[in-house]
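Have the sequence and the model open while reading.

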Amino acid sequence: MSATHKYRRYAQLVSAGMVGVEAKKINVQVHLTSGLPNFHIVGLGDTAIKESHRRVTAALKNSGFQIPDGVITVNLAPALVHKSGTGFDLPIALGILMADGILPAENFDDCLTVGELGLNGSVSNVRGMVGLGMIARKLGKTLICADAALFEGLLDLSVYEVSHLGTFLDSTILKPRSLCLSWFDVQSENVHKCGDFAEVLGQQQAVRALTIAAAGQHNILMMGPPGTGKTMLASRLPSIMPRLTPDELIQTALVNSVAGVPFDHRKGQRPFRAPHHSATTVAVVGGGNPVRPGEVSLAHNGVLFLDEMPQFHRSCLQSLRQPLEDGVIRIVRANGSFSFPAKSCW
């Protein structure tokens, strides 16, 4: 093989990225060619993606692999889709090893790869893993990620669990782990972390009103002087609401995963969110760059409690009128339109 031909190699892996609460398939294409050592990443990536070449090169070296000489070009296709996050680190590293002939490309034809790399080669999960698992299931691919515990009892899919890049030195030890939906195996106790409604003594009218609101998923306005138990009653409301159905469980876990908020789906409990009255409109409704769900979406299928509601900014309260009616937040930005679920008791 001539030296010129040796450095013209190509590899492609399937990965995915989150756009709002929806996962999009992304092809990670790697091309090696001769020239002065350089590393290029193209395809409308954010700062975290542009910095990934430093994490990838360090992780490869510290995992026992040799960085190929010459120019490394990585394209995240389709190039017109904005991409963010650190989940492309692992597919980029594997693409380099495949293009260099170290790993066989056919081993990853039926895989969807996502993971962030540490400088020592460790692999970590990223935001939106539930959505990434959903698209892997939809495409019929095996998901390669750091920890499969996020999907146990939630999604039925096949997973390769990889905690370190050095695992691929012997790719024969990778064995797919099949997970299945086992909603009825979740914990039987339904005691919410905020307290049990059965602990409330007195306040018969308020208890009756909240019981009706929980049964019919109605909104409720509580008024009274400080210290009468409004917050105490509201925080215990999720304990008398029915447990999340399988579909609701996936929706709630998806929103929390995209926002990076811990959520124990094994308990099947409905979320309770109580933002401070100084919270901005973006924090409550959602937005930012990249666009992420706000408190009203994190309370989806649960309870959103606005304590001291008159103290919230007028613009914040006005922005909640539409989701109060539709149960959906629609955010329009220059780079696209995003819809977040926002159906809850307020």
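Does Asp-326 count as buried, exposed or partly exposed, and at what relative accessibility? Asp-326 counts as partly exposed, at 41% relative accessibility. The model is predicted. The count of salt bridges in it comes to eight, and three of these pairs are described below, grouped by pair.

**Asp-326 and Arg-330**
- The side chains of Asp-326 and Arg-330 form a salt bridge, with an N to O distance of 3.7 Å. This pair counts because a salt bridge requires the nitrogen to lie within 4 Å of the carboxyl oxygen.

**Asp-156 and Arg-137**
- A salt bridge joins the side chains of Asp-156 and Arg-137 at 3.0 Å, N to O. The two residues are 19 residues apart and link distant parts of the chain.
- Asp-156 sits in the loop between strand E8 (142–145) and strand E9 (157–161), while Arg-137 belongs to helix H5 (residues 129–139).
- Asp-156 is partly exposed at 40% relative accessibility, and Arg-137 is partly exposed with a relative accessible area of 34%.

**Glu-295 and Arg-273**
- Glu-295 and Arg-273 meet through their side chains in a salt bridge of 2.8 Å, N to O.
- Glu-295 has a relative accessible area of 16%, so it is buried, the cut-off being under 20%.

Notes:
Residues numbered from 1 in each chain as written. Predicted model: local features only at pLDDT ≥ 70, side-chain atom pairs only at ≥ 80, totals over all residues. Heavy atoms only, no water. Helix = DSSP H or I, 4+ residues; strand = E, 2+ residues; numbered from the N terminus. Buried < 20%, exposed > 50% of the residue type's maximum accessible area, 1.4 Å probe, protein only.
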